[in-house]
Amino acid sequence: MGARSGKCICGEAKNEKSILIKKDFSKMANNEWPLWEVFIRSKQGLSHKHVGSLRAPDAEMAVENARDVYTRRSEGISIWVVESNNIHASHPSEADSLFEPAHSKVYRHPTFYDVPDGISHM
Amino acid sequence: MSALFEYLVRLGDDSLILGHRLSEWCGHGPILEEDIAMTNIALDHVGQTTSLLKYAGEVEGKGRTEDDLAFLRFEREYRNVLLVEQANEDFGVTMMRQFLFDAYRKPLYEQLTKSSDVQLAAIAEKSLKETKYHLKHSAEWVIRLGDGTDESHERVQTALNNLWRYTDELFYTDQNDVELLANGVIFSSEELKKSWMEMVKTVLDRATLTIPNNGWQREGGRKGLHSEHLGYILAELQYMQRAYPGMEW
């Protein structure tokens with residue numbers, strides 16, 4: 001939003017803003033809007049869960065699009081969107097060192113306790 | 001013919017024809033997300049049509065169902081405003097048409113939730129939730145297109161200039177409304193126009209768009225006198241029921 005008004009300002013302060021313009025173009029290089037990851041809370045008390053991604057020009061439209069694409073069959077009561085660029089992920093090549101050591105450490109699971117009778121949901 | 005029947009048909013036909021217009025975008029949206037958004041909104045309108053025309057059929061008391069009314073009337077029996085039958089053209093035109101309509105529909109439903117006719121009030125209450133979202137969606141787009149690139153700005157400004165002549169008809173009132181107004185079934189369209197104008201001004205201002213001069217305003221839809229578009233819409237809309245009467249699937 002505001003690309004057009006932005007352009008007018010650029011004319012007055014060319015040097016300062018020229019970098020911004022370049023940035024804008026590079027963002028639209030493949031003529032596509034940025035990608036957003038969508039998280040939906042299906043009901044009160046549950047956490048938001050990643051459901052997929054979509055394209056939108058800005059955060060507000062991303063929420064609207066998410067509403068239309070991912071909640072049209074009453075899947076949710078709350079939506080989060082985050083621009084995919086802002087997600088930092090673990091690298092698949094590091095999976096061995098990150099996750100494998102945990103496999104041999106079953107004692108980290110709280111399954112070695114006797115649960116007294118009458119205690120449910122454990 | 002009762003005044004309430006006529007009024008319900010006017011509202012129902014607005015939704016029916018606009019819903020059909022939006023459904024034409026199915027599979028042709030500029031992006032997948034918008035394709036789904038427009039068809040969702042189209043379906044909301046078809047749903048509102050169902051409620052309004054079903055009730056109209058009951059009020060009429062001749063055994064006509066919502067399907068009979070939607071699919072088996074002749075062109076001059078349709079009472080939608082001219083605005084909703086105007087062609088989709090490009091996405092900017094479609095969003096501008098939608099915004100001008102939504103900005104009228106929302107305050108209208110807000111009024112009708114207080115209708116002395118309980119059934120109409122209930123329909124308004126249910127539809128209002130949908131319409132609030134429609135307005136948010138179309139207004140956000142008008143703002144982004146208007147304040148977007150030079151080309152998008154020019155296109156929506158042209159759309160606004162071309163569609164403006166159909167906006168007065170949204171507030172059309174005639175003899176039919178007198179009794180309904182007196183009985184508190186419907187409310188003043190002057191109030192309605194005030195809310196509409198306020199919303200339109202706010203959004204168009206943010207969109208850096210200019211309201212055109214109020215030139216010649218067209219009307220006729222409410223009396224069944226339509227632009228050439230409606231005939232083509234009805235040909236497509238009615239084909240199945242005319243070719244295979246009573247067909248269901």
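**Close-up views of a predicted two-chain region**

Tyr104(B) is buried, with 3% relative accessible area. The views described below are taken from a predicted model.

**Figure 1. Tyr104(B) pairs edge-to-face with Phe171(B).**

Figure 2. Over all chains, the whole structure contains 7 aromatic pairs. Phe101(B) is buried, with a relative accessible area of 0%. Which residues make up the aromatic cluster? Phe101(B), Tyr104(B), Trp164(B), Phe171(B) and Trp196(B) form one cluster.

**Figure 3. The buried side of helix H9 of chain B.** H9(B) comprises 18 residues, and the distance from its first C-alpha to its last is 26 Å, close to the 26 Å expected at 1.5 Å a residue. Buried residues in H9(B) are Ser189(B), Leu192(B), Trp196(B), Val200(B), Val203(B) and Leu204(B). These residues cover an arc of only 95 degrees around the axis, so they are on the same side of H9(B). The buried residues of H9(B) pack against H5, helix H6 (118-146) and H7 of chain B. Trp196(B), one of the buried residues of H9(B), is also a member of the aromatic cluster.

**Figure 4. The exposed face and the two ends of helix H9 of chain B.** Which exposed residues does the face of H9(B) turned away from its buried side carry? That face carries Glu190(B), Lys194(B), Glu198(B), Lys201(B) and Asp205(B). At the start of H9(B), a side-chain oxygen of Ser188(B) comes to within 3.1 Å of the backbone nitrogen of Glu190(B). Just after H9(B), Thr208(B) adopts a positive phi of about 55 degrees. Thr208(B) is situated in the loop between helix H9 (189-206) and helix H10 (229-243) of chain B. Thr208(B) is partly exposed, its relative accessible area being 33%.

**Figure 5. The buried side of helix H7 of chain B.** The end C-alpha atoms of H7(B) are 20 Å apart, in agreement with the 20 Å that its 14 residues should span at 1.5 Å a residue. Within H7(B), the buried residues are Ser152(B), His153(B), Val156(B), Gln157(B), Ala159(B), Leu160(B) and Leu163(B). They cover an arc of only 155 degrees around the axis and therefore lie on the same side of H7(B). H7 of chain B is among the helices against which the buried residues of H9(B) pack.

**Figure 6. Arginine side chains over tyrosine rings.** The charged end of Arg67(A) sits over the ring of Tyr133(B), at 3.6 Å from the ring centre. In this view the two partners belong to chain A and chain B, respectively. Where does Arg73(B) lie relative to Tyr78(B)? Arg73(B) lies over the face of Tyr78(B), 4.2 Å from the ring centre.

**Figure 7. Ser74(A) and its setting in chain A.** Most residues other than glycine have a negative phi. Ser74(A), although not a glycine, has a positive phi of about 60 degrees. Ser74(A) occupies the loop between helix H3 (59-70) and strand S3 (78-83) of chain A. Is Ser74(A) buried or exposed? With a relative accessibility of 68%, Ser74(A) counts as exposed. Chain A as a whole contains 4 helices and 3 strands, which follow the pattern α-α-β-β-α-β-α along the sequence. Chain A has 122 residues, of which 19% count as buried. Of the contacts in chain A between residues at least 6 apart in sequence, 43% join residues at least 24 apart.

Terms used. Residues numbered from 1 in each chain as written. Chains lettered and ligands numbered in written order. Predicted model: local features only at pLDDT ≥ 70, side-chain atom pairs only at ≥ 80, totals over all residues. Heavy atoms only, no water. Buried < 20%, exposed > 50% of the residue type's maximum accessible area, 1.4 Å probe, protein only. Phe/Tyr/Trp six-rings, centres within 6.5 Å; stacked < 30°, edge-to-face > 60°. Lys NZ or Arg CZ within 6 Å of the ring centre and 35° of its normal. Expected span 1.5 Å × (residues − 1). Arc of directions from axis to C-beta. Contact = heavy atoms within 4.5 Å. Polar contact = N/O pair within 3.5 Å; in protein donor to acceptor, adjacent residues only side chain to side chain.
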